[in-house]
Amino acid sequence: DITERWKADQMLQESERMFRSLVENSHAGIFIVADDFRFAYANEMFCTILGYPHNEVIGRDFRSVLDSESLELVADRYLRRQRGETVPHRYEFNIIRQNGSKRRVGISSTVVMDSAGKTITLAQLLDITERKTAEEELRESERKFAGIVRNIPGVVFEFRVRRDGSTYFSYVSPRATDLFGLPSDPSNPEWNADLGARVHPDDRQ
């Protein structure tokens with residue numbers, strides 16, 4: 001009677017189908033690198049991130065898609081991870097797509113043993129180029145704003161309204177110290193009082 005074994009085989013096949021469906025439809029690029037630096041598996045999203053067709057990814061040396069700034073870092077961590085050393089599982093680096101454009105990516109990787117007992121790297125990749133660009137643009141905007149505020153004669157401040165209707169300062173320029181006689185850091189408890197407390201009684205209406 002092989003009923004139980006048949007049921008176990010069916011469950012295994014169903015589990016494999018579900019796993020493959022999950023991987024193939026993931027928003028992350030998922031791939032496997034063998035111990036010879038070459039891609040042994042890649043889902044469609046990973047191929048899309050690289051800009052290569054699937055048949056040109058499998059068997060490709062992963063070092064060929066790294067830019068010169070990232071090559072040493074990624075290769076070193078890969079080799080150390082293969083040897084069983086402790087290295088960061090998550091980090092960022094640059095890749096070069098097939099069309100020559102550079103993209104910033106974030107990786108999360110681990111090592112597993114395949115059916116033959118060999119150590120392989122299983123990883124997922126996310127294209128974070130737009131996010132990094134937006135972060136840099138925000139930092140640049142903040143630097144410009146800070147420069148403008150430092151060089152104008154007046155006081156610049158921002159205040160917000162709480163749900164209960166009271167107000168508080170969320171930003172004050174350095175010159176606010178001279179005007180209010182308070183620290184220029186709005187996180188100082190003295191700045192957390194109601195805005196009305198900083199306005200003369202004759203002008204609060």
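Me: What makes a space in the model a cavity, and how is its volume defined?
Reply: On a 1 Å grid over the protein atoms alone, a cavity is a set of points where a 1.4 Å probe fits but cannot get out. Grid points are joined across faces, edges and corners, and the volume is the space filled by probe spheres set on the points. Here the largest cavity has a volume of about 180 Å³. The whole structure holds 1 cavity of 30 Å³ or more.

Me: What kind of model is this, and which residues and atoms count?
Reply: The model is predicted: local features need pLDDT of at least 70, side-chain atom pairs need pLDDT 80 or more, and totals for chains, interfaces and linings use all residues. Residues are numbered from 1 along each chain as its sequence is written, and side-chain values use heavy atoms, without hydrogens and water.

Me: Which residues lie nearest the centre of the largest cavity?
Reply: F31, F62, V74, F93 and I107 do, out of 19 lining residues. Lining means having an atom within 4 Å of a point.

Me: What makes up that lining by class?
Reply: The largest cavity has 16 nonpolar, 2 polar and 1 charged lining residues. Ala, Val, Leu, Ile, Met, Phe, Trp, Tyr, Cys and Pro count as nonpolar; Asp, Glu, Lys and Arg count as charged; the others, Gly among them, are polar.

Me: Why is T129 called buried?
Reply: Its relative accessibility is 13%. Buried means under 20% relative accessible area (1.4 Å probe, protein chains only). So T129 counts as buried.

Me: How do you know that the side chain of T129 makes a polar contact with the side chain of D127?
Reply: The distance is 2.7 Å. A polar contact is a pair of N or O atoms within 3.5 Å; within protein, one must be able to donate a hydrogen and the other to accept it, and residues adjacent in sequence count only if both atoms are side-chain atoms. The T129–D127 pair qualifies.

Me: What else does T129 touch, not counting residues up to four places away in sequence?
Reply: R103 and R104. Contact means heavy atoms within 4.5 Å.

Me: Where is T129 placed?
Reply: T129 is in helix α5 (residues 129-150). Helices (H or I, at least four residues) and strands (E, at least two) are DSSP runs, numbered from the N terminus. The protein chain has 6 helices and 7 strands.

Conventions. Buried < 20%, exposed > 50% of the residue type's maximum accessible area, 1.4 Å probe, protein only. 1 Å grid on protein atoms, 1.4 Å probe; cavity = no way out; pocket = protein on both sides within 12 Å on 5 of 7 lines; lining within 4 Å.
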